[in-house]
Amino acid sequence: MWTPPGQNQSWVSEFILLGFSSDPTSNRVLFIAFLLLYVSSVLGNALIISLICLDMQLHTPMYFFLCILSLLDMGYVSTTIPQMLVHLLAHSQTISFAGCWLQMYVFGALSLTECIFFVVMAYDRYVAICHPLHYTVILSWDLCTQLTAGTWACGFFFSLIHTFLTMRLPYCGPNMINHYFCEGPSVRSLACMDTHFIEMVDLIISIFMVLVPLSLILASYIRIGQIILKIKSTQGRCKAFSTCASHLTVVTLFYAPAIYIYMKPNSSYSPERDKKISLFYNVFPAFLNPVVYSLRNKDIKGAFFKVMRWGRVAW
C-alpha cells in the first residue's frame, strides 16, 4: 500500500513481511516449531530470573548479570517472534511503517545492549578468577548497577541512530521485505536512493558496538587463560575453566552471525540466506542460554531443587 504525498511521488505506509514460506502446510509446521522455541525461551529465561531472585545465595554480581542477560533475551525474542507466529497463520503479513520503525528500534536496542553486556560479564569472570579475594570489593553493587545502566543507555542510543537513519530513507516501492521481521539491512535494501552513507554509519556503529566489545572479551579471556595455566591442581584448572565455558559458548553463538549480518557490504546481501542466519542470534541464543547456564552450573541446579522442595512443603 502506498500513500501519495504529491503529484509524482508515493511513499510506503506499510510493509509486507514475506517470512520463510508461502506454503500453508510449511507455515503450520514452522508455527509449531517456533512456538515451541519461543515458549521454551521465555519459560527458561523466566525460570533463571525467578531462581536468582528467590535464592539469597545467588545474590552475587555474577548471577545479577546472568539475570539481566535473561531479561535481555526475553525482550528481544519477544520483539520479533510473536509477530512472526501471527504472520505464519494469518492471511495478511503487513506491518505499518510506524510498527516497523518501533520493531527495528527495540530489537536493535536490546541486541546492541547485549553486545556490550557480554563485556561486563567477561569483566566479572576476569575479576572472579584473577582477583578472587577482592571480587566483592571491586564489583560492588553500585558498580554493577552503573555498568548495567551504561550498557542499556549505549544500546538504546546507538539503535536510535541506526533506526532513524534507516527509516528516514525514501521508500517509494516495492514494499515487500524478504524477512520475518524489520531488520535494518532488509528494510534498507528497499530504499529508492543510494544508501552508501547509511552503510558507512552502520559499519562504524558495528565496529564500536560489536568488534570493540568482542576484542575486550578476547583480551579478558586471554588474561584469564594465563591465570588458569598457572593453577597447579588439575581440579582447580577445570573448575576455573568451567566458570568461563558457558559465557564463551553464549558469546560465540551471538557474535558470529551478528558480525556476518551487520558488517558485510550491502552488495553481498542475500535475503534468503540472511534471514536464516539471523535466527542464530535472534532465536537460538535466547533458547540455548538457559540450557547452557543451567546444565553447567551447580548453583542454578541447586537453587532449582531447593525451590522444588519448598513447593512440596508448601503443597
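Predicted model: local features only at pLDDT ≥ 70, side-chain atom pairs only at ≥ 80, totals over all residues.
Residues are numbered from 1 along each chain as its sequence is written, and side-chain values use heavy atoms, leaving out hydrogens and water.

Let's start with confidence. The score called pLDDT is the predictor's confidence in each residue, from 0 to 100. Across the protein chain the average is 84, and 91% of the residues score at least 70. Confidence is highest in helix H5 (residues 141-167), at a mean of 93, and lowest in strand S1 (residues 2-3), at 41. Helices (H or I, at least four residues) and strands (E, at least two) are DSSP runs, numbered from the N terminus. Be careful with residues 1-10, where pLDDT stays under 50. For this stretch the model has 20 contacts beyond four places in sequence, a contact being heavy atoms within 4.5 Å.

Now look for the sheet. Three strands form an open sheet in the order S4-S3-S5, with mixed pairing. S4 and S5 are the edge strands, each pairing on one side only. Two strands count as paired if DSSP finds at least two bridges between them. Strand S3 (residues 14-17) runs antiparallel to strand S4 (residues 94-96), and 3 bridges join them. With strand S5 (residues 176-177), S3 pairs in the parallel sense over 2 bridges. Isoleucine 16 has threonine 94 as its bridge partner in S4 and methionine 176 as its partner in S5. Leucine 17, in turn, is partnered in S5 by isoleucine 177.

In a regular strand the side chains alternate between the two faces of the sheet.

Next, the helices. Threonine 113 lies in helix H3 (residues 97-130) and is buried, with a relative accessible area of 0%. Leaving aside residues up to four places away in sequence, threonine 113 touches Leu72, Thr151, Trp152, Gly155 and Phe156. Leucine 47, in helix H1 (residues 24-54), is partly exposed at 39% relative accessibility. The C-alpha atom of leucine 47 is 8.7 Å from that of phenylalanine 304, although the two are 257 residues apart along the chain.

Finally, the structure holds 2 salt bridges. A salt bridge is a side-chain nitrogen of Lys or Arg within 4 Å of a carboxyl oxygen of Asp or Glu. One joins the side chains of arginine 125 and aspartate 124 (2.8 Å, N to O), and both of these residues are buried. The other joins aspartate 202 and arginine 188 (2.4 Å, N to O). Aspartate 202 is in helix H7 and arginine 188 in helix H6 (residues 184-188), so this pair ties together parts that are 14 residues apart in sequence. Aspartate 202 is buried at 7% relative accessibility, and arginine 188 is buried with a relative accessible area of 7%.

Note on methods
Buried < 20%, exposed > 50% of the residue type's maximum accessible area, 1.4 Å probe, protein only.
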